[in-house]
Amino acid sequence: MLTLADVSKSYGPRTLFEDVSVFIKREDRLGLVGPNGAGKTTLFNVIIGDESVDSGTITWEKGASFGYLPQETAPAGDETVLDLATAITPEFAELRDQLRIIESGGSPACMQGEFDAHHRFEELGGYGIETRARIILAGLGFGAADFNRPARTFSGGWVMRAHLARLLVREPALLLLDEPTNHLDLEVLLWFQDYLSRYPGGLIIISHDRAFLNTLCTGILELRDQTLYRWTGDYDDFLRQKEAHREQQLSVRKNQQREIAHLQRFVDRFGAKASLASRAKSKEKQIERLKEVAIDAPEEDIRRISFRFPQPPRPGLRVVALKGVRQAYGENVVYRNLSFHAERGERLVLVGPNGAGKSTLLKILAGAIPIQAGTRELGGNVTAGYFAQNRLDNLDARRTVMEEAMEMRNTNPDVTERLARTVLGGFLFRKDDVFKRVSVLSGGEKSRLALARLLLAPPNLLLMDEPTTHLDIPSIDALVNALRQYQGTLIFISHDVHFIRSVAKGVLHVAAGHLTPYAGNYDYFLEKSRATGAREALTARLAGERPHHAATTPPRRPAEAARGGPKTKEQKRAEAEGRASRSAPLRAIRAHVSALEQAIAGLEARQAEITAQLEAPETYSHPGIAQGLNRELSTVVDQLQAASADWERSAAKLEGLEGAQA
Ligand SMILES: Nc1ncnc2c1ncn2[C@@H]1O[C@H](COP(=O)(O)OP(=O)(O)OP(=O)(O)O)[C@@H](O)[C@H]1O
Ligand SMILES: [Mg+2]
């Protein structure tokens, strides 16, 4: 349905991807993964034609339609949520509006015009579309009362949901979704996942959510090192294959290094001898060739950076206290008579069912919403800071990363350029990245910048709502590293079990307007709450944890597999050598040397072939293929070494004989 052929894209000196080719079939359900800033969003933009390519072609099959959900913002105007969700095409939206005027007594141009409009409207799906839209909107968490509210009165996350509804109603042949789960809570996420699993078209989904990708995908596209790799299976399969691939690469690399060392020994030994100098030269060339194809040592996946972050001023013991707080949204009373306090240095995670009021509690504590009754008191010397997943708007698009960081000097006079660089580095901004403008940052980069700013001038009461949204694993680790050092009071909400385990020291369970504290870590809470059954709702999804500590397959020992062969060959060769020296020594040995040279060339060619196959992701889609190849590779390398050793001996002998004749 869609073909990308040798597509390349750079921004200035930075290449995002080079000569990327991929073929997408109608029934493909693919996850697109890769680190923050790898170019995933850009790849989508290139596919849908919003960004130009530097070279290469993108071809859509005739009549193929696509729908695209952007990562961050989607427009919303005066139209109602239901209108937005049913605006499947401009034509459909226009007909709908036209018919609405007619129904409300407005006159059509003529009877025929009215008939045509009706007819065409029905052809495009008619009122069935609206019914579908209602079902989908409800699934995505909209209440019936929301349907007729103007879209612009909703927060960004809800506008995204309305756009998502529109895409699902339209049902294009290929859905391109950029981190669609960022805006969804657990309940809705499960509905959405289920809906997509029955989606009749193709899917490409950018996501860092392992459980989500596992449920939906039959293949993974991995954007890494400017290349797009295609893997078969779900996300776990991908991790397994990738690990196997890494192991193989390591052993291929070992073989290559072994051979380079071997050739080098020859060059060192014979390079100075006039009669063998040309052969030594050719060996040198061979070394060079080998070094060219040699595989680099695989990079450590997780960049470990430990920086010291600034600490907030030390407050009194009691940091914040709520008394008799009441909070309601219309009829829906979230808290009736709530009391709570937090102390210096506490690190609490808020857990509990969706809609229980976790975000509301955080906002109340932050003073981000006015309370309707009761009191909120901050302790002496306390400043509260609030971080919400979609609160990136206070970044100024025109400024650079560095300028944004330096702005924190207004809050914390200790911020120097050096400190700013250090903390930005702690959030994985490399040297040149700090001169990028905010307008070009990827979703993850923006989140990292917002976090870096927060921690440059840390408040001593830090309230965070889903801070890991948009972040890839190394970035989450960077945040964990920062928060572990943080000595203020931290209260946060997260769906990420690994993150919770790494950061929280206490748990506050929020349900039905009541708070239950657990003075232990997350596992203690799970243990304690198991009896109450509260855990069920909580862990349903969390069962599939993050890909953090993927099970590693035990390393293979390629050399073990290939015993037995070489010895008999050695015997044969010894016999051959003996025969040659007895009969026509010079001729025979010349023939032998040249036969060895041919054999070596053949073995080297095969070695190159196997290496190439071991680098191709397809090799890992069937268990056993890689092992077979690796066994053969090991045999080939052994044979190569034997042949080269023989060649060395024979060449030296030949040199002696030729010298004696001369
Ligand atoms: N117009 C532009 N000019 C210069 N650099 C850009 C531009 N647009 C994007 N970039 C850079 O290209 C890189 C890739 O961005 P992209 O948004 O495609 O990443 P991503 O893989 O979607 O990351 P994330 O997971 O954080 O969303 C980023 O480093 C970004 O800063
Ligand atoms: Mg992106």
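The legends below describe close-up views of a predicted model. Local features need pLDDT of at least 70 and side-chain atom pairs pLDDT 80 or more, while totals for chains, interfaces and linings use all residues. Residues are numbered from 1 along each chain as its sequence is written, and chains are lettered from A and ligands numbered from 1 in the order in which they are written.

**View 1. Helix 5 spans residues 126–139.** Helices (H or I, at least four residues) and strands (E, at least two) are DSSP runs, numbered from the N terminus. From first C-alpha to last, the 14 residues of helix 5 reach 21 Å, close to the expected 20 Å (1.5 Å times one less than the number of residues). Glycine 141, with a positive phi near 100°, follows helix 5.

**View 2. Helix 5 has buried residues Ala133, Ile136 and Leu137.** Buried means that 20 or more other C-beta atoms, placed from the backbone, lie within 10 Å of the residue's own; exposed means 12 or fewer, and partly exposed is in between. The buried residues of helix 5 fall within an arc of 100° seen down the axis, so they line one face (the arc is that of the directions from the helix axis to the C-beta atoms). Tyr127 and Gly128 are exposed on the face turned away from the buried side.

View 3. Strands pair if DSSP finds at least two bridges between them. Strand 10 (residues 318–329) is joined to strand 11 by 8 bridges. Tyrosine 329 stands opposite asparagine 332 in strand 11.
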